Amino acid sequence: VLMYFTRSLSITTPEQMIEKARGETAYLPCKFTLSPEDQGPLDIEWLISPADNQVVDQVIILYSGDKMYDDYYPDLKGRVHFTSNDLKSGDASINVTNLQLSDIGTYQCKVKKAPGVANKKFQLVVLVKPSGTRCYVDGSEEIGNDFKLKCEPKEGSLPLQYEWQKLSDSQKLPTSWLSEMTSSVISVKNASSEYSGTYSCTVKNRVGSDQCLLRLNVVPPSNKAGLIAGAIIGILLALVLIGLIIFCCHKKRREEKYEKEVHHDIREDVPPPKSRTSTARSYIGSNHSSLGSMSPSNMEGYSKTQYNQVPSEDFERTPQSPTLPPAKVAAPNLKNTTVFRNY
């Protein structure tokens, strides 16, 4: 019995998982072989099944009828390309450039050349390199104190590995530190000046690494009592200064309010002062009214004493001599009044 074994189309690249860093280029291999019976047109198709499993398989790039089509999947537009210029040679591999976390998923390569059909799947994992790593001391760097040395990357895909080293001085590290030299935190107990120096922390994962430096300077304890006393005195002085400012502002407002009230009272309650002219006139008028009832015998003495009491300043500032109204007296005294005026 003769047995005939026919060789059909097959993809020779094994299924595999590919890990790459974000921003890099991922090479997804897909090598195939044809059999003499495969006489149909060659069709090559790449599909993606995203990691979130919320979207069905979608075509990302296609070769059919001697033409290439790559405008199917918006998230990968312009970032997926065939690596070979001659796909008929048996190489359907692709490159995915500028990898993003959204590119994580299962990629499937399908090759058709009737009657042969074959496909293979590949897992693409996109990882983030450690970056932005910061080293710092959590606590007070004083002799006898407890504090922590911390190494924290800003980003980086897990799992992360840490490695601490002392770069300066050849002094041995404390035994208690040895178990923590591969962790992100070193707990320092009862610190001494011998711990001072420069330390490095290296963070690694499967796609990259990052490093930071730390300068540790363990110093004698500070005078905390003096610092506290100084702070209290400073606060008290600040309170006194604030009190003085408030007092001065309040006093100034009270003075301004008092001046406004006094000015208002003077304008409304106090009558205008009498002029000197009206004072002199009233003074002369009162004297004349009293002279009308005097006898000739005491006229001379009275006139000398009373008229001399009127201030000369008042008469000098009087614009004109007052006109005295005729005195209303009885008939027997008319003669005496006439004699006074002639005098």
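Predicted model: local features only at pLDDT ≥ 70, side-chain atom pairs only at ≥ 80, totals over all residues.

Trainee: What does the secondary structure come to?

Mentor: The protein has 5 helices and 17 strands. Of its 343 residues, 33% count as buried. Buried here means under 20% relative accessible area.

Trainee: Which strands form the open sheet, and in what order?

Mentor: There are 6, in the order β2-β11-β10-β5-β6-β7, with mixed pairing.

Trainee: Why are β2 and β7 said to stand at the edges?

Mentor: Count partners. β2 (16-21) and β7 (67-69) each have a single partner strand, so one side of each lacks a neighbour in the sheet. From one strand to the next, the twist averages 20 degrees.

Trainee: What makes β10 and β11 a pair?

Mentor: The cut-off is at least two bridges between the strands. β10 and β11 have 9 bridges, in the antiparallel sense. They therefore count as paired. Across from Q123 in β11 stands T106.

Trainee: What makes a set of residues a nonpolar core?

Mentor: Its members are buried, come from a list such as Val, Ile and Trp, and are joined through side-chain atoms within 4.5 Å. The largest such core has 30 residues, and W46, I60 and I94 have the most contacts inside it. Strands that each supply at least two of its residues include β5 (42-50), β6 (58-64) and β10 (105-113).

Trainee: Where do V137 and A191 belong?

Mentor: To a second, separate core of 21 residues, which also includes V203 and V218.

How values were computed
Residues numbered from 1 in each chain as written. Heavy atoms only, no water. Buried < 20%, exposed > 50% of the residue type's maximum accessible area, 1.4 Å probe, protein only. Helix = DSSP H or I, 4+ residues; strand = E, 2+ residues; numbered from the N terminus. Axes fitted to C-alpha atoms, helices over the stretch in contact; angles between N-to-C directions.
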